[in-house]
Amino acid sequence: MIGVLSIVRSELTKVLTLPSVWVITGVILALNVFFQYQTLGFNIDTVANVRPDGMSEVDGRAVHAETELRQTLGVSVFNPGLLFPILGAVLAGTEFRAGQLGLSLVAVPHRLRLVLGKLSAMTAYALVLGLVCIAMANAFMYIAVRNWNPGMLWSTDMLAAEAALLLFTVTFTLIGAGITLITRRTLTGIIATVILIMLTMAQVVAMVSPAVDAFLPLSAARNLLLQGRDAGAPLTGSAGHGAAVLAGWALVTSVVATLAVKRRDAR
Amino acid sequence: MRTEEAVDTRGLVPVIEVKDVSKKYGPKVAVDRVSFSAAPGRVTGFLGPNGAGKSSTLRVLLGIDRATSGTALIEGRPYTSLRQPLRTVGAMLDGASAVPERRGVDHLRWIAQSNRIPSRRISEVLETVGLSEAAKVRVGKYSLGMKQRLGLAAALLGEPRILVLDEPVNGLDPEGIRTIRTFLRRYADQGNTVLLSSHLMGETAETVDDIVIIDKGRIIANGSLSEITEGHASLEDAFFSLTGSQPGQSW
């Protein structure tokens with residue numbers, strides 16, 4: 001059997017040599033800069049209004065400054081992060097263009113290993129891109145807090161929030177990729193993930209049953225990342241529930257995608 | 001492991017064995033109980049009109065499509081069980097080409113990495129097929145002939161002892177066709193096995209030792225070139241006689 005590492009390396013080469021991946025990566029990073037720039041003024045004001053007890057006045061209400069800044073950082077990465085499923089769809093959808101899946105299977109005929117290698121490479125790419133987004137957010141945040149409390153950037157609470165953000169970026173990428181491997185078309189994968197996102201944004205399910213809404217991927221991401229913050233629409237579950245649902249979606253779509261690739265002809 | 005080595009009618013040990021393979025796509029039977037073999041040191045031509053079942057058979061042989069019934073073996077084993085398969089089998093498939101946005105060299109790189117083939121082989125095969133200059137050009141800008149040569153380069157990466165080529169001369173100019181013909185002849189003469197599908201009779205007749213003809217999913221002739229063409233002016237005449245079709249009939 002070919003070593004899984006060589007398959008992962010090969011799949012990473014596929015990822016890194018595809019111009020459309022660089023385009024989407026560039027869009028995600030550009031949006032990230034845009035959101036960071038937008039929140040910079042708010043963060044500077046929050047720090048400027050900090051009282052000796054660590055509280056600050058934001059929009060006429062007293063908030064714990066460090067908590068507020070940490071949540072703002074989370075939101076600023078969360079918003080452009082909604083494009084990660086599209087990244088996953090493009091990564092997976094390439095296999096169904098120009099008959100590449102056939103070539104992939106000629107090179108790696110063990111289908112389970114091929115899919116595992118592909119999902120591992122996607123995970124690695126999403127992880128690195130998520131880390132870059134978080135590093136950018138930290139750089140902007142440092143500008144705001146450097147003369148007050150720069151240590152908050154590596155506090156336990158901040159690292160936990162960043163770990164949750166990484167879970168979000170990786171699972172959202174895998175969900176987009178998994179759906180695309182199942183549907184065998186990039187566009188179909190993108191449409192399916194957009195519909196899932198819209199179900200949360202339009203609050204369609206939440207109006208009927210908040211408990212069911214908590215099982216939608218974007219709702220789970222909101223529950224994970226936006227706790228304790230004015231999130232527009234009410235949250236429908238705990239952070240732990242959100243993390244479990246996101247991981248569950250990524251796992252289920254990956255398993256179904258693996259079975260689909262294993263059982264179908266490579267067309 | 002093979003427990004015994006079957007010998008074909010010419011006394012040769014077949015390297016490729018297709019046994020009673022059938023393939024259905026929905027209700028349509030694309031391949032119907034196809035059996036043939038290919039032996040080392042020989043070029044075996046797999047001929048048939050468009051839609052006869054050539055590509056479907058080769059896809060089953062390479063594990064890309066699953067046979068409805070029957071077995072297809074390479075050196076006595078299914079392709080899917082081969083360790084580092086590209087070091088044993090080089091394959092070029094009709095309809096499976098590089099993603100247009102990717103550069104030729106990058107296409108070969110991921111294939112090489114997947115089978116731990118040294119990266120020096122990339123430049124060597126590009127040189128072999130005359131694509132060194134176009135290595136960093138995106139595949140979408142390649143001509144049809146260049147894409148075919150890139151496919152051949154990918155097949156040669158692992159220095160395999162078996163080549164399975166689906167319509168390899170499609171889109172090639174006369175010089176390219178002659179080059180491929182000479183190359184495949186030399187490759188087989190070195191003791192390697194070449195299975196070559198085509199619908200071009202004239203070209204195939206100048207390259208192959210053995211012929212397998214498929215029509216409407218069924219094997220209708222199987223033997224050496226001289227056996228197949230015996231009593232006919234050319235392979236093309238033999239083909240039309242065996243398939244019962246007339247030139248222009250399908251237009």
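Guide: The model is a predicted one, and the values below are computed from it. In this model, 34 residues of chain B are in contact with 30 residues of chain A, and between them the two chains bury about 2,900 Å², of which 55% lies on carbon and sulfur atoms. Of the area that chain B buries against chain A, 23% is supplied by B:Arg102, B:Trp110 and B:Gln113, which is more than any other three residues supply.

Turning to the polar side of the interface, 16 residue pairs are found in polar contact across it, both partners being at pLDDT 80 or more, and the count of salt bridges between the chains is two. One of the salt bridges joins A:Asp265 to B:Lys23, with the closest N and O atoms 2.7 Å apart.

As for the elements of chain B that touch chain A, strand S1 (16-25), helix H1 (54-61) and helix H2 (104-114) each supply at least two residues to that side, and H2(B) gives the most, with six residues. Taken by residue class, the side of chain B that touches chain A divides into 13 nonpolar, ten polar and eleven charged residues, so that charged and polar residues stand there beside nonpolar ones.

Notes:
Residues numbered from 1 in each chain as written. Chains lettered and ligands numbered in written order. Predicted model: local features only at pLDDT ≥ 70, side-chain atom pairs only at ≥ 80, totals over all residues. Heavy atoms only, no water. Contact = heavy atoms within 4.5 Å. Buried area = accessible area lost by both parts, 1.4 Å probe. Salt bridge = Lys/Arg side-chain N within 4 Å of Asp/Glu carboxyl O. Polar contact = N/O pair within 3.5 Å; in protein donor to acceptor, adjacent residues only side chain to side chain. Helix = DSSP H or I, 4+ residues; strand = E, 2+ residues; numbered from the N terminus.
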